[in-house]
Amino acid sequence: MDRREFARVAAALAAGAGLVRIATADGPGAMRRYLTRIRRDLARVQAEQLDVIVAAGDLLAERVAAGGRLLIHDARGEYVAEALGRAGGLMGISAVGADQAATIQPQDALLVIADEPANPADVALTTAAHAAGALVVGICPQRDRAGALWQAVYVRIDNYVTDEDAAVTVDGVAMAPTSGVLNTALLWAVTAAYIQAMEKRGKPPHVWMSIKRPGSKAFNDAALAATREAGC
Amino acid sequence: MGLAKDYLDALEANIGAVVRDEMDRLSAAADLIVGAQRDGRKAYEYLAGHLMPYEAAVGRRGRPEVLLPMQAEETDRLEPGDVLVMTHQYGVHESYVNVAVAAKARGARIIAIAPRSDPSEIVRSHPTGTWVGDYAEILIETHIPTGDVALQAPGGGPGSCPTSGAIQALVHWMLVCAVAERQAR
């Protein structure tokens, strides 16, 4: 086996393990390897998890249609920033901090998004929300199903994040997390399922129009007023 | 599977457009950054918008130190020949364009990660009517749908579910990988 062939075989094996470790001038570049990993994970979502995503959207909608609130939490604030007050996003969704567990009501629905399988703040909030009677949907790493967060949530959506949260290694340095792209894609896929489930219930949720689009202020002002009235 | 599948299909189509049209520009951007660094210049990144200031923040797991972080009010750190990577979901906000203007005035070379857009559909709020692409030496287009909505509402309305966050993160890490690999050679 020559060096080029060895690199191909080794890269294929490493990719199967979730971490591409080979960086040679012969194989695909790190940029391509990162892209391949992301596309593979997104294809896995379509192949393995569409059912659970649709079910999550339906369960979230059931709570909101019955008068509960739609809440979102993540430890770093990244996915909250992605979800709130942005074009194409829901108006009727609120952030809940790790120290706000006491505000969660039995009829609420909580979406927890995590890069790590057992962040203590995520687990504590999830456990408290569950104990309060709220529905908790988790987008988090499954790995060997042992993660505390995976065990604590009611609906589980796997983001395929590995221990390193790094798709490639270059010169001995692991880099390029997959969590950001996957969690964001899953957030919006669940949101899409929620929108469809709310439409089915005759309560289509209000959505922000980009502030860069002509006429957005009038549209958003009216939609916000309607959201306050309808709760979604 | 309805809208969830439609969204994931739209995201994959968006990624496909990036792969189809932007790979050469991503490689050229990495060459520009590493070439400048080898000439003793610095390479910065200014990350604006919803996701990216968190996604690539200093200290984030998996973020190598290949680009220096820069905030909007720090353009006076730029020297002629330095490189500034700028990413935003639209690249048309007045304050954002002002960063590009200031960077350009200081002789920095700009790499923009943003979508090309029609000013009649995406309002450019800078008094000059320009956007970040007008100041970029290399523009890596994100190809997001107009208005950043992957799903159109059946009865009209603004549509829902953006792709820009996932696409910006993808493009950002692809560029970081390409830079890191060139630095290692």
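**View 1. Burial in chain A.** Of the 232 residues of chain A, 53% count as buried, a residue being buried if 20 or more other C-beta atoms, placed from the backbone, lie within 10 Å of its own. This is a predicted model, in which local features need pLDDT of at least 70, side-chain atom pairs count only at pLDDT 80 or more, and totals for chains, interfaces and linings use all residues. Residues are numbered from 1 along each chain as its sequence is written, while chains are lettered from A and ligands numbered from 1 in the order in which they are written.

**View 2. Strand E1 of chain B.** Five of the five residues of strand E1 (residues 43-47) of chain B are buried, where strands (E, at least two residues) and helices (H or I, at least four) are DSSP runs numbered from the N terminus. B:Ala43, B:Glu45 and B:Leu47 point one way from E1(B), whereas B:Tyr44 and B:Tyr46 point the other way.

**View 3. The neighbours of E1(B).** Strand E3 (residues 83-87) of chain B runs parallel to E1(B) and is joined to it by five bridges, strands being paired if DSSP finds at least two bridges between them; B:Tyr46 has B:Met86 as its bridge partner in E3(B). E1(B) also pairs in the parallel sense with strand E2 (residues 68-69) of chain B over two bridges, and there the bridge partner of B:Glu45 is B:Pro69.

**View 4. The contact of chains A and B.** Chain B gives 46 residues to the contact and chain A gives 51 residues, contact requiring C-beta atoms, placed from the backbone, within 7 Å. On the side of chain B that touches chain A, the largest share, 12 residues, comes from H4(B).

Definitions and conventions. A residue is buried if 20 or more other C-beta atoms lie within 10 Å of its own, exposed if 12 or fewer, and partly exposed in between; C-beta atoms are placed from the backbone. Two residues are in contact if their C-beta atoms, placed from the backbone, lie within 7 Å.
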